[in-house]
Amino acid sequence: MTSRIPRDSRLRLVRPRPLAAAPTAVNQRRPRRPAPRPPEGTPAPAELARMARTGLAGAVRVARWADTALGPGSDAATADGKATLSDATAERAAAELGLSVTQVRAEWDTARLAGLVEVHGDSARPGWRLRAWDRDDSAVLRGWVALFDAWSLACPEPADHEPAAVAEVVSAMPQVLSFLQLSAGPVPVEQLLDLLRQRVTELRTERCEVSYEPGSAESAGRAEPAPGDTPLPPLLDWALRALASVGALTCGDNQATLTPLGSWAVWVKLEQICVAAQSPAGNIEQSAEDMLRGCAQLRPNAARAEYRAWLAARPVGSAVTELLAAARGEDALLRGLAFEALRVVGAPAEPDVRSVVDDPALRPYALLWLAEHDGVDPEDAHEVLTREEATWLWVDTAAAVADHGETTMLVRHLEAAVQPTVPVLLDEVRAVGHPRTVQVLVALAAAHPDPALAKAVRRAAFQVHTGG
């Protein structure tokens, strides 16, 4: 039997597609959800990015100085494993940048919170956002939102208050910020204080917290919390100062007003919650596996919004553990989606991702994640994989396509192989030992329109099946 395509013809080589290529392709049939529009008066993304660049200019300057003067991972840069500048480095930066040591340390901390500097083991390195800062508005806005999310770390919390009281205020501030966003203008601090008291009362009621005084006859039956026990005005003042320090709001004349960036960020957070709440499976309440299955029906941007909402509803540590457990399952599509969700987690997931590098099934995914986290361009991240690891990933992605996609997509998946010819690909696929090799080859043989190539693939599947 002959074919129009020679059996040993070279595959058309293209740059290997990112890990999410298969899940994205699987879901092309779903109609696109109209992008939500921000409130009227919200500046355009380019203008918001300009504002963020202006507000973070000092942090970018210090981060770039460290990148140029010290080099990534320099032992002289930090004094501990938390990326705190050593005294010598801070003094050197202050002298060369014309700043005080205090200013250098403050800008360095801001750079860390915004992801311009990332902690890797015992050293600090430039983050990928720093590389993309001048050319990618979305990277700038994500960096500013990361700083906004970490507002409670931007200013030292009051030392004379119980940590539990500070935690209550931090938990209550999203409602206060939502009220500011809906008000779309200055709000008296006294009004915000009343709202804060109400929210703290609700939090204590949800915990069934009671005010107990030993020896009191009423204490056994009293279930009403006493928010007056905690002096909230100084804690609200601290929260407003911290939010002002990151550029989320302004305070003056005993009033608070969200900045355009702050108003936009609060709207983004509310929209993320709404997207999750409106999803057919109610993904925000689901386990990691069920959430990922629900996100498999979404396009990449909508899926990332789901990941963010799901992650915001649970502690980072347990969320990462749950995602990695889902990645260890048999469904290759969930494996790819789990690491897409871990990309949204970012730096906090690094230790857990490093811990699975020795797991054969997760190693290619983990190495790509770590490469991108270290600042490698996603287009070039595949270069960190060995030929064997790239082949394993090709088979795993093909399994996801075979299980969830269309036959034409499986044929197109040949383009992502690093091998130059079909025979070389089949030899290396047989050798890599992926548990789904037979099923992938059988599906590819059934889908491919070229009879000679399909026959060769079927023969390879038979040889793997029989151990030949």
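Predicted model: local features only at pLDDT ≥ 70, side-chain atom pairs only at ≥ 80, totals over all residues.
Residues are numbered from 1 along each chain as its sequence is written, and side-chain values rest on heavy atoms, with hydrogens and water left out.

The protein chain contains 23 helices and 5 strands, where helices (H or I, at least four residues) and strands (E, at least two) are DSSP runs numbered from the N terminus. Of its 468 residues, 46% count as buried; here buried denotes a relative accessible area under 20%, exposed one over 50%, and partly exposed anything in between, with a 1.4 Å probe and protein chains only. When contacts (heavy atoms within 4.5 Å) between residues at least 6 apart in sequence are considered, 67% of them join residues at least 24 apart.

Two packed helices are described by the angle between their axes and the distance between the axes. The axes are lines fitted to C-alpha atoms, for helices over the stretch in contact, and the angles run from 0 to 180 degrees between N-to-C directions. Helix 10 (residues 189-206) packs against helix 11 (residues 232-245) at an angle of about 110 degrees, the two axes being 10 Å apart. Helix 10 and helix 11 are therefore roughly perpendicular to each other, on a scale in which angles under 35 degrees count as roughly parallel, over 145 as roughly antiparallel, 65 to 115 as roughly perpendicular and the rest as oblique. Helix 10 contributes Val189, Leu192, Leu193, Leu196, Arg197 and Val200 to the contact, and helix 11 contributes Leu232, Pro233, Leu236 and Leu240. By class, the residues of this contact between helix 10 and helix 11 comprise 9 nonpolar, no polar and 1 charged, with Ala, Val, Leu, Ile, Met, Phe, Trp, Tyr, Cys and Pro taken as nonpolar, Asp, Glu, Lys and Arg as charged, and the others, Gly among them, as polar.

Helix 10 also holds arginine 199, which is buried, with a relative accessible area of 18%. Neighbours within four places in sequence being left aside, arginine 199 is in contact with Ala172, Gln175 and Glu206.

The crossing of helix 2 with helix 7 is left-handed, a term applied if the near helix is turned anticlockwise from the far one by less than a right angle, right-handed being used if it is turned clockwise. On the side of helix 2 the contact is made by Pro45, Ala46, Leu48, Ala49, Ala52 and Arg53, and on that of helix 7 by Asp137, Val140, Leu141 and Trp144. This contact of helix 2 with helix 7 has 8 nonpolar, no polar and 2 charged residues.

In helix 4 (residues 87-97), the buried residues are Thr89, Ala90, Ala93, Ala94 and Leu97. Viewed down the axis of helix 4, these buried residues fall within an arc of 135 degrees, so they line one face of the helix; the arc is that of the directions from the helix axis to the C-beta atoms. An α-helix has 3.6 residues a turn, so residues three or four places apart point the same way. Asp87, Ala88, Glu91 and Ala95, on the other side of helix 4, are exposed. The elements covering the buried residues of helix 4 include helix 3 (57-69) and helix 5 (101-113). Just after helix 4, glycine 98 takes a positive phi of about 70 degrees.

Most residues other than glycine have a negative phi, and most peptide bonds are trans. Alanine 184, although not a glycine, has a positive phi of about 55 degrees; alanine 184 lies in the loop between helix 9 and strand 3 (187-188) and, at 69% relative accessibility, counts as exposed. Aspartate 253, likewise not a glycine, has a positive phi of about 55 degrees. The position of aspartate 253 is in the loop between strand 4 (249-252) and strand 5 (255-258), and its relative accessibility of 75% places aspartate 253 among the exposed residues.
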